[in-house]
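Trainee: Please take me through one part of this structure closely, and then show me how it compares with some of the other parts. I would be grateful for one connected account.

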Amino acid sequence: SGIAWYKDGFFYSKFPEPMKGDELKSSNQFQQVYYHKLGTSQAQDQLIFEDKQNPFNGHYAGVTEDEHYLILSISKGTYGNKIKVKDLNKGMNSPFITLVDDFENESAVVDNEGDLLYMYTNIGAGKYRLVEINPKSADKRDTWKEIIPESDHVLTGVNHLSGKWVATYLKDASSVVKVFDPTGKFLHEVSLPTMGTVSG
């Protein structure tokens with residue numbers, strides 16, 4: 001499932017153990033998210049999230065670089081995801097806050113600055129944009145602050161680097177990389193040696 005490191009352990013996803021005798025017959029359902037502390041038995045792992053109403057949803061955990069937030073991405077197919085976050089500064093048992101509560105769009109939390117979250121999304125922008133979200137009013141989309149607006153070209157990814165936003169676009173089947181300041185003001189385009197695809 002992949003792992004998301006946090007303090008002296010990590011978050012991971014797993015399916016409940018099948019009943020004895022059904023190991024090769026039962027289907028994988030009701031994926032859960034656990035926290036494992038290094039040096040302890042897996043039997044002691046802490047259950048962080050489960051959904052007993054939707055057996056086929058996938059649950060994938062991530063942690064912001066400063067370990068402030070646990071990011072939970074929930075999917076039920078090949079397109080669209082829900083996003084929930086947990087403020088780890090308030091403890092593992094703090095409630096999840098919902099940023100996106102439907103499967104109509106694609107979204108990903110890129111980073112945070114203190115309590116504020118930055119999300120790459122095609123909600124309200126078919127070619128994607130970067131928005132700033134205050135978790136206290138996350139359910140009110142009109143409070144989301146647009147940092148990098150939708151452009152003529154598809155925004156394929158955003159990274160936070162040294163206080164700047166590095167955005168990658170797809171133009172004529174090749175990558176274009178642009179740098180923005182923290183407020184979303186365009187600074188410059190990165191000179192690339194040739195046409196091609198950029199990642200990283």
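Mentor: Let us begin with a definition. Two rings of Phe, Tyr or Trp, with the six-membered ring taken for Trp, count as a pair if their centres lie within 6.5 Å. A pair with planes under 30 degrees apart is called stacked, one with planes over 60 degrees apart is edge-to-face, and the rest are tilted. Please keep in mind that what you see is a predicted model.

With that definition, ring pairs link W5, F10, Y12 and Y34 into a cluster. A search of the whole structure gives 10 aromatic pairs. One of them joins Y6 and Y35: the ring centres are 6.1 Å apart and the planes meet at 70 degrees, so this pair is edge-to-face. Y6 belongs to strand β1, whereas Y35 belongs to strand β3, residues 32-37; the pair therefore ties together parts that are 29 residues apart in sequence. Both Y6 and Y35 are buried.

Y35 also forms a pair with F11, and here the geometry is tilted, with 5.0 Å from centre to centre and 55 degrees between the planes. F11 is in strand β2, residues 9-14, and Y35 in strand β3, so this contact ties together parts that are 24 residues apart in sequence. How buried are these two residues? F11 has a relative accessible area of 1%, which makes it buried, and Y35 is buried with a relative accessible area of 8%.

Together with I3 and L38, W5 forms a nonpolar patch on the surface, and the accessible area of the three is about 320 Å². Between β1 and β2 there is a loop, and K7 is placed in it. The phi of K7 is near 50 degrees, a positive value in a residue other than glycine. K7 is exposed, with a relative accessible area of 59%.

Y128 sits in the loop between β10 (116-121) and β11 (129-133). Is Y128 buried or exposed? Its relative accessible area is 15%, so Y128 is buried.

We may now turn to strand β7, residues 81-87, in which 7 of 7 residues are buried. In a regular strand the side chains alternate between the two faces of the sheet. In β7, N81, I83, V85 and D87 point one way, while K82, K84 and K86 point the other way, and all of them are buried. On one side in the pairing, β7 runs antiparallel to strand β6 (residues 69-75), with 7 bridges between them. L72 is placed opposite K84 of β7. The strands β6 and β7 make a hairpin with 5 residues between them, and in its turn G80 has a positive phi of about 90 degrees. β7 is also joined to strand β8 (residues 96-100), by 4 bridges and in antiparallel fashion. Here I83 stands opposite V100 in β8.

A second hairpin consists of β9 and β10; 2 residues lie between its strands, and G114 takes a positive phi near 65 degrees. β9, residues 107-113, pairs with β10 in the antiparallel sense over 6 bridges. The bridge partner of A108 in β10 is Y120.

Finally, consider the open sheet of 4 strands, whose order is β13-β14-β15-β16 with antiparallel pairing. Which strands stand at the edges? They are β13 (154-161) and β16 (186-189); each has a single partner strand, so one side of each is left without a neighbour in the sheet. On average, neighbouring strands of this sheet are turned by 25 degrees against each other, direction ignored. β15, residues 174-180, pairs with β16 in the antiparallel sense over 3 bridges. K178 stands opposite E189 in β16.

Key:
Residues are numbered from 1 along each chain as its sequence is written. This is a predicted model: local features need pLDDT of at least 70, side-chain atom pairs count only at pLDDT 80 or more; totals for chains, interfaces and linings use all residues. Side-chain values use heavy atoms; hydrogens and water are left out. Patches are made of residues with over 30% relative accessible area and no salt bridge: like charges are joined within 9 Å, nonpolar side chains (Val, Leu, Ile, Met, Phe, Trp, Tyr) within 5 Å. Accessible areas come from the Shrake-Rupley method with a 1.4 Å probe; for residues, only the protein chains shown count as cover. A salt bridge is a side-chain nitrogen of Lys or Arg within 4 Å of a carboxyl oxygen of Asp or Glu. Two strands pair if DSSP finds at least two bridges between them. Axes are lines fitted to C-alpha atoms, for helices over the stretch in contact, and angles run from 0 to 180 degrees between N-to-C directions. Buried means under 20% relative accessible area, exposed over 50%, partly exposed in between (1.4 Å probe, protein chains only).
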